[in-house]
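Colleague: I would like to learn how to read a model of this kind, one feature at a time. Could you take me through it?

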Amino acid sequence: MIHKNKEKITRTDFELFFREHHSRLYFFALNITRDEETAKDIVSDLFTAAWNNRDNIDSTKLCSYIYTGLRNRCLNEIKRSRRDTDIDCIRLPDIADDDGEAWLQRERRIEAIEIEIRKMPERTRLILEECYYNHHAYKEVAEQLGITTEGIKKQLQRAMAQLKRHFNKK
């Protein structure tokens with residue numbers, strides 16, 4: 001049997017990967033599990049398992065390994081948990097059926113969107129984060145910022161138009 005030489009995962013590479021991906025992995029797990037502690041535990045356990053198994057993971061496939069592992073751990077937690085959740089059941093099969101490459105492509109698209117969002121004015125970025133990432137109501141965000149809900153809607157419309165313009169160019 002012929003084995004290709006795998007590139008070993010160095011401590012530096014692993015730490016860099018951790019810093020670059022930890023929060024995104026956490027928010028993805030949180031979005032699925034709807035529980036902060038569960039999401040933290042899943043991501044923490046996943047990184048620990050990856051580090052302990054680093055000798056068996058090709059460094060060029062670390063990203064795929066981690067994201068596939070996260071998806072599987074979240075799905076296993078949902079199956080294990082008998083509590084009611086408000087998981088979007090239509091999306092769940094999509095998540096379960098993704099292979100590592102589809103997962104990476106989705107991650108790259110998310111990263112491109114995040115880069116474009118960082119280019120937006122601070123107030124627009126804050127409104128996007130509060131409404132879409134933190135799932136706060138328009139009214140709640142409007143009250144925090146001292147503007148109307150119509151102001152929130154206009155800011156979000158401008159942000160979406162900017163994203164559409166940017167990604168339709170490509």
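**Reading the model**

Modeller: The accessible surface of the protein comes to about 11,500 Å², and 50% of that area belongs to carbon and sulfur atoms. Please keep in mind that this is a predicted model, in which 34% of the 170 residues count as buried.

Colleague: How many helices and how many strands does the secondary structure of the protein come to?

Modeller: There are eight helices and zero strands, so that the elements, read from the N terminus on, run α-α-α-α-α-α-α-α.

Colleague: At what angle do helix H6 and helix H8 pack?

Modeller: Two packed helices are described by the angle between their axes together with the distance between those axes. Here helix H6 (residues 122–133) and helix H8 (residues 149–169) pack at an angle of about 100°, and their axes lie 9 Å apart. Because angles of 65 to 115 degrees count as roughly perpendicular, H6 is roughly perpendicular to H8. The contact involves Thr124, Ile127, Leu128, Cys131 and Tyr132 of H6, which meet Ile152, Gln155, Leu156, Ala159 and Met160 of H8.

Colleague: Which residues make the nonpolar surface patch of about 290 Å²?

Modeller: The patch is made by Tyr132, Tyr133 and Tyr138. Tyr138 is found in helix H7 (residues 138–145) and, with 32% relative accessibility, counts as partly exposed.

Colleague: What is the phi of Arg34?

Modeller: Most residues other than glycine have a negative phi. The phi of Arg34, however, is near 60°, a positive value, and Arg34 is found in the loop between helix H1 (11–33) and helix H2 (36–52). Its relative accessibility is 38%, so Arg34 counts as partly exposed.

How values were computed:
Residues are numbered from 1 along each chain as its sequence is written. This is a predicted model: local features need pLDDT of at least 70, side-chain atom pairs count only at pLDDT 80 or more; totals for chains, interfaces and linings use all residues. Side-chain values use heavy atoms; hydrogens and water are left out. Patches are made of residues with over 30% relative accessible area and no salt bridge: like charges are joined within 9 Å, nonpolar side chains (Val, Leu, Ile, Met, Phe, Trp, Tyr) within 5 Å. Accessible areas come from the Shrake-Rupley method with a 1.4 Å probe; for residues, only the protein chains shown count as cover. A salt bridge is a side-chain nitrogen of Lys or Arg within 4 Å of a carboxyl oxygen of Asp or Glu. Helices (H or I, at least four residues) and strands (E, at least two) are DSSP runs, numbered from the N terminus. Buried means under 20% relative accessible area, exposed over 50%, partly exposed in between (1.4 Å probe, protein chains only). Axes are lines fitted to C-alpha atoms, for helices over the stretch in contact, and angles run from 0 to 180 degrees between N-to-C directions. Angles under 35 degrees count as roughly parallel, over 145 as roughly antiparallel, 65 to 115 as roughly perpendicular and the rest as oblique. Contact means heavy atoms within 4.5 Å.
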